[in-house]
Amino acid sequence: MKQESIFFLVDSFILPDIFSKVIEVKKILSLGKIKTVNDAVKEVGISRSAYYKYKDYVFPFNETSRGKVITLFFVVEDFSGILSSIINKIASASANILTINQNIPINGLADVTISIETMNMKIDIQNLLAEINKVEGVRKSEILAR
């Protein structure tokens with residue numbers, strides 16, 4: 001069973017530089033200054049593995065997942081009711097669905113993106129993804145954008 005997340009407010013002065021550099025890479029990518037993660041991490045001077053290790057856990061103080069729009073990406077098997085099951089999990093968490101896009105299935109698998117607003121969520125986004133991963137036929141899930 002996964003431990004519940006605990007958040008701390010810490011002055012960046014005492015943290016290792018890697019955390020500030022991860023935030024810098026995220027900023028560069030969001031502004032479109034550099035298009036690829038590989039190029040952005042080279043610009044900042046960190047490894048891709050360090051970026052991916054921390055990217056979902058390090059945020060500036062003014063950026064949290066509560067009250068934000070998050071886009072989720074799924075690869076799902078093509079059978080009746082799977083999208084409905086995912087939507088029910090999102091509704092159970094009290095997230096507000098903004099958009100849904102499901103591509104035409106290829107070789108029995110379909111890509112689905114769902115954008116949600118997280119202001120009233122009862123659980124955090126990681127727990128929501130864990131619940132969605134329990135749905136039969138969900139092959140992959142990830143946060144595409146925050």
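Modeller: Relative accessible area sets the labels used here: buried means under 20%, exposed over 50% and partly exposed in between, with a 1.4 Å probe and protein chains only. This is a predicted model, in which local features need pLDDT of at least 70, side-chain atom pairs count only at pLDDT 80 or more, and totals for chains, interfaces and linings use all residues.

Colleague: Why is Ser92 called exposed?

Modeller: Its relative accessible area is 55%, and the label requires over 50%, so Ser92 qualifies. Ser92 belongs to helix α4; helices (H or I, at least four residues) and strands (E, at least two) are DSSP runs, numbered from the N terminus. Between the C-alpha atoms of Ser92 and Pro105, 13 residues apart along the chain, there are 26 Å.

Colleague: How do you know how confident the predictor is in α4?

Modeller: By pLDDT, the predictor's confidence in each residue, from 0 to 100. Helix α4 has the highest confidence, at 96, whereas α1 (residues 17–31) has the lowest, at a mean of 89. The protein averages 88, and 94% of the residues score at least 70.

Colleague: What makes the buried residues of α4 line one face of the helix?

Modeller: The buried residues in α4 (residues 82–92) are Ile82, Ile86 and Ile90. Seen down the axis, they fall within an arc of 80°, so they line one face; the arc is that of the directions from the helix axis to the C-beta atoms. An α-helix has 3.6 residues a turn, so residues three or four places apart point the same way. These buried residues pack against β1 (69–77), β2 (96–102), β3 (109–117), α5 (125–133) and β4 (138–145), contact being heavy atoms within 4.5 Å.

Colleague: What puts the buried residues of α2 on the same side?

Modeller: In α2 (residues 37–44), Val37, Ala40, Val41 and Val44 are buried. Their arc around the axis is only 95°, which puts them on the same side of α2. Lys42 and Glu43, on the other side, are exposed. The cover over the buried residues of α2 includes α1 and α3. Gly45 follows the helix with a positive phi, near 95°.

Colleague: What makes the phi of Ser94 worth a remark?

Modeller: It is positive, about 65°, although Ser94 is not a glycine. Ser94 sits in the loop between α4 and β2. At 27% relative accessible area, Ser94 falls between the two cut-offs and is therefore partly exposed. Asn107 is another residue other than glycine with a positive phi, near 55°. The loop between β2 and β3 holds Asn107, whose 78% relative accessible area makes it exposed.

Colleague: How do you know how many aromatic pairs there are?

Modeller: A search of the whole structure finds two. Rings of Phe, Tyr and Trp (its six-membered ring) pair if their centres lie within 6.5 Å; planes under 30 degrees apart count as stacked, over 60 as edge-to-face and the rest as tilted. Phe19 and Tyr54 have 5.0 Å centre to centre and 75° between the planes, an edge-to-face pair. Phe19 is in α1 and Tyr54 in α3 (residues 48–54), so the pair ties together parts 35 residues apart in sequence.

Colleague: Why is the pair of Tyr51 and Tyr52 called edge-to-face?

Modeller: The ring centres are 5.3 Å apart and the planes stand at 70°, so the pair is edge-to-face. Tyr51 is buried at a relative accessible area of 6%. Tyr52, at 39%, is partly exposed, and Tyr54, at 22%, is also partly exposed.

Colleague: What makes up the largest nonpolar core?

Modeller: It has 21 residues, and those with the most contacts inside it are Leu72, Phe74, Ile116 and Leu128. A nonpolar core is a set of buried Ala, Val, Leu, Ile, Met, Phe, Trp, Tyr and Cys residues joined through side-chain atoms within 4.5 Å. The elements that give it two or more residues are β1, α4, β3, α5 and β4. Another core, of 10 residues, lies apart from it and has Val22, Val41, Val44 and Ile46 among its members.

Colleague: What is Ile116 in contact with, leaving aside neighbours within four places in sequence?

Modeller: Its partners include Leu72, Ile90, Ile97, Leu98, Met121, Ile125 and Leu128.

Colleague: Where do the domain bounds fall?

Modeller: An automatic or database domain assignment gives domain 1 (15–55) and domain 2 (69–145). Their C-alpha centres lie 26 Å apart.

Terms used
Residues are numbered from 1 along each chain as its sequence is written. Side-chain values use heavy atoms; hydrogens and water are left out.
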